Amino acid sequence: MAITGGSRLPTSHDFVFPRGALVMGVEPVLKFQSAEERAKGLPVQQETDKESGLLVWSVLVIDQAAERKADAVVTVKIAAPHQPVPPEAIPGTDVRPVVFEGLTVTPWINDKACRGAHGSERHRCWPRLGYSLRAPKIGPVVVKASSKAA
(Lines give C-alpha, C1' and ligand atoms only; values in the text may rest on other atoms or scores of the structure.)
Protein backbone atom coordinates (compact mmCIF):
# COMPACT_ATOMS: atom_id res chain seq x y z
CA MET A 1 0.00 0.00 0.00
CA ALA A 2 1.31 3.45 -0.88
CA ILE A 3 -0.08 5.06 2.29
CA THR A 4 2.29 4.56 5.22
CA GLY A 5 2.36 5.87 8.76
CA GLY A 6 3.15 9.58 8.77
CA SER A 7 1.84 10.14 5.24
CA ARG A 8 0.66 13.67 4.54
CA LEU A 9 -2.71 13.31 2.86
CA PRO A 10 -3.77 16.23 0.64
CA THR A 11 -7.02 17.95 1.57
CA SER A 12 -8.65 21.33 1.08
CA HIS A 13 -8.98 24.28 3.42
CA ASP A 14 -12.77 24.25 2.99
CA PHE A 15 -12.98 20.57 3.97
CA VAL A 16 -11.04 21.07 7.23
CA PHE A 17 -12.40 24.55 8.03
CA PRO A 18 -15.89 24.73 6.43
CA ARG A 19 -16.78 27.92 8.34
CA GLY A 20 -13.32 29.40 8.09
CA ALA A 21 -10.25 29.77 10.31
CA LEU A 22 -9.02 32.74 12.32
CA VAL A 23 -5.30 33.25 13.07
CA MET A 24 -4.38 33.84 16.70
CA GLY A 25 -0.59 33.83 16.31
CA VAL A 26 2.54 32.41 14.68
CA GLU A 27 5.59 31.10 16.53
CA PRO A 28 8.58 28.83 15.83
CA VAL A 29 8.35 25.11 16.65
CA LEU A 30 11.31 24.26 18.88
CA LYS A 31 13.10 20.91 18.97
CA PHE A 32 12.77 18.85 22.14
CA GLN A 33 15.67 19.43 24.50
CA SER A 34 16.51 16.90 27.20
CA ALA A 35 17.29 17.92 30.80
CA GLU A 36 20.91 16.95 30.13
CA GLU A 37 21.10 19.25 27.08
CA ARG A 38 19.52 22.12 29.06
CA ALA A 39 21.99 21.57 31.92
CA LYS A 40 24.87 21.84 29.43
CA GLY A 41 23.46 25.19 28.29
CA LEU A 42 23.02 24.07 24.69
CA PRO A 43 20.92 26.52 22.65
CA VAL A 44 17.40 25.48 21.73
CA GLN A 45 17.07 24.94 17.99
CA GLN A 46 14.07 25.34 15.74
CA GLU A 47 12.57 22.21 14.23
CA THR A 48 13.06 21.62 10.51
CA ASP A 49 10.65 19.88 8.14
CA LYS A 50 11.66 16.29 7.34
CA GLU A 51 10.68 16.61 3.68
CA SER A 52 11.84 20.12 2.73
CA GLY A 53 14.48 20.95 5.36
CA LEU A 54 12.81 24.34 5.94
CA LEU A 55 12.13 25.82 9.39
CA VAL A 56 8.80 24.81 10.95
CA TRP A 57 6.36 27.43 12.25
CA SER A 58 3.21 26.85 14.28
CA VAL A 59 0.11 28.84 13.34
CA LEU A 60 -2.51 28.86 16.09
CA VAL A 61 -6.01 29.16 14.63
CA ILE A 62 -9.62 29.05 15.76
CA ASP A 63 -11.74 26.58 13.82
CA GLN A 64 -15.08 28.33 13.48
CA ALA A 65 -16.88 25.01 12.79
CA ALA A 66 -15.70 23.27 15.97
CA GLU A 67 -18.57 21.66 17.85
CA ARG A 68 -16.75 21.56 21.20
CA LYS A 69 -14.81 24.37 22.81
CA ALA A 70 -11.91 21.95 23.39
CA ASP A 71 -11.64 21.35 19.63
CA ALA A 72 -11.84 25.02 18.59
CA VAL A 73 -8.13 25.85 18.84
CA VAL A 74 -6.07 24.06 16.19
CA THR A 75 -2.42 24.23 15.16
CA VAL A 76 -1.31 24.22 11.53
CA LYS A 77 2.41 23.79 10.89
CA ILE A 78 4.05 25.65 8.03
CA ALA A 79 7.53 24.93 6.67
CA ALA A 80 9.10 28.17 5.45
CA PRO A 81 12.50 29.88 5.48
CA HIS A 82 11.05 32.88 7.34
CA GLN A 83 8.21 33.37 9.81
CA PRO A 84 4.88 33.50 7.94
CA VAL A 85 3.02 36.79 8.28
CA PRO A 86 -0.70 36.44 8.98
CA PRO A 87 -3.14 38.52 6.92
CA GLU A 88 -4.27 41.91 8.15
CA ALA A 89 -7.04 41.99 10.73
CA ILE A 90 -10.54 43.04 9.75
CA PRO A 91 -10.60 46.82 10.41
CA GLY A 92 -11.76 47.60 13.96
CA THR A 93 -11.20 44.01 15.20
CA ASP A 94 -8.45 41.55 16.09
CA VAL A 95 -10.01 38.95 13.77
CA ARG A 96 -7.65 37.63 11.07
CA PRO A 97 -9.43 35.25 8.66
CA VAL A 98 -6.97 33.00 6.85
CA VAL A 99 -6.87 30.40 4.07
CA PHE A 100 -4.33 27.57 4.09
CA GLU A 101 -3.15 26.61 0.61
CA GLY A 102 -1.88 23.09 -0.07
CA LEU A 103 -3.23 21.79 3.25
CA THR A 104 -2.36 18.22 4.27
CA VAL A 105 -3.57 16.07 7.16
CA THR A 106 -1.68 13.29 8.94
CA PRO A 107 -3.80 11.08 11.22
CA TRP A 108 -2.21 9.77 14.43
CA ILE A 109 -3.33 7.99 17.61
CA ASN A 110 -3.51 10.25 20.65
CA ASP A 111 -3.01 7.88 23.58
CA LYS A 112 -2.18 10.51 26.23
CA ALA A 113 -5.21 9.39 28.26
CA CYS A 114 -3.88 5.82 28.51
CA ARG A 115 -2.84 4.66 31.97
CA GLY A 116 -0.96 1.53 32.89
CA ALA A 117 -2.10 -0.94 35.50
CA HIS A 118 -1.29 -0.13 39.14
CA GLY A 119 -1.65 -2.90 41.70
CA SER A 120 -4.96 -4.67 41.12
CA GLU A 121 -6.18 -1.96 38.69
CA ARG A 122 -6.61 -2.96 35.07
CA HIS A 123 -4.98 -1.09 32.20
CA ARG A 124 -7.32 1.65 30.98
CA CYS A 125 -7.04 3.41 27.69
CA TRP A 126 -9.17 5.97 25.90
CA PRO A 127 -7.21 6.71 22.73
CA ARG A 128 -8.56 9.17 20.22
CA LEU A 129 -7.71 9.82 16.62
CA GLY A 130 -5.71 13.02 16.27
CA TYR A 131 -4.77 15.00 13.18
CA SER A 132 -1.63 16.91 12.34
CA LEU A 133 -2.25 19.73 9.86
CA ARG A 134 0.43 21.21 7.58
CA ALA A 135 0.39 23.75 4.81
CA PRO A 136 3.12 25.38 2.74
CA LYS A 137 1.39 28.75 2.61
CA ILE A 138 -1.19 30.97 4.32
CA GLY A 139 -3.11 33.78 2.71
CA PRO A 140 -5.98 36.18 3.29
CA VAL A 141 -9.59 35.21 2.68
CA VAL A 142 -10.71 36.63 -0.65
CA VAL A 143 -14.35 37.65 -0.66
CA LYS A 144 -15.89 37.43 -4.11
CA ALA A 145 -18.17 40.31 -5.08
CA SER A 146 -21.72 39.23 -5.71
CA SER A 147 -23.21 39.98 -9.10
CA LYS A 148 -26.73 41.00 -8.11
CA ALA A 149 -28.74 42.88 -10.67
CA ALA A 150 -30.21 46.14 -9.42
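**Exercise 1. Find which residues make the nonpolar surface patch of about 310 Å² in this predicted model.**

Solution. Start with the members: Met24, Leu60, Ile62 and Val73. The patch rule takes residues with over 30% relative accessible area and no salt bridge; it joins like charges within 9 Å and nonpolar side chains (Val, Leu, Ile, Met, Phe, Trp, Tyr) within 5 Å. Areas come from the Shrake-Rupley method with a 1.4 Å probe, and for residues only the protein chains shown count as cover.

Now take one member. Leu60 lies in strand 3 (residues 56–63). Helices (H or I, at least four residues) and strands (E, at least two) are DSSP runs, numbered from the N terminus. Leu60 counts as partly exposed because its relative accessibility is 32%. The classes are buried under 20% relative accessible area, exposed over 50%, and partly exposed in between (1.4 Å probe, protein chains only).

A note on the model. Residues are numbered from 1 along each chain as its sequence is written, and side-chain values use heavy atoms, with hydrogens and water left out. The model is predicted: local features need pLDDT of at least 70, side-chain atom pairs count only at pLDDT 80 or more, and totals for chains, interfaces and linings use all residues.

**Exercise 2. Work out how strand 2 pairs with strand 3 and with strand 5.**

Solution. Pairing requires that DSSP finds at least two bridges between two strands. Strand 2 (residues 21–28) runs antiparallel to strand 3, over 7 bridges. Within this pair, Val23 stands opposite Val61. Next, strand 2 and strand 5 (residues 97–101) are also antiparallel, over 2 bridges. Here Ala21 has Val98 as its bridge partner.

**Exercise 3. Describe the salt bridges and the exposure of their partners.**

Solution. Side chains of opposite charge can pair when their charged atoms come close. The criterion is a side-chain nitrogen of Lys or Arg within 4 Å of a carboxyl oxygen of Asp or Glu. The structure holds 6 such bridges.

- Lys40 and Glu36 meet at 3.5 Å, N to O. Lys40 is exposed because its relative accessible area is 59%. Glu36 is exposed at 55%.
- Arg68 and Asp71 meet at 3.0 Å, N to O. Arg68 is partly exposed at 45%. Asp71 is partly exposed at 32%.
- Lys137 and Glu101 meet at 3.7 Å, N to O. This pair links distant parts of the chain: Lys137 in strand 8 (residues 137–140) and Glu101 in strand 5, 36 residues apart. Lys137 is partly exposed at 47%. Glu101 is partly exposed at 36%.

Last, look for shared partners.

**Exercise 4. Summarise the chain as a whole.**

Solution. Count elements: 2 helices and 8 strands. Their order along the sequence is β-α-β-α-β-β-β-β-β-β. Of the 150 residues, 25% are buried. Among contacts with a separation of 6 or more, 64% join residues 24 or more positions apart. The accessible surface is about 11,000 Å², with 57% belonging to carbon and sulfur atoms.

Technical notes. Contact = heavy atoms within 4.5 Å.
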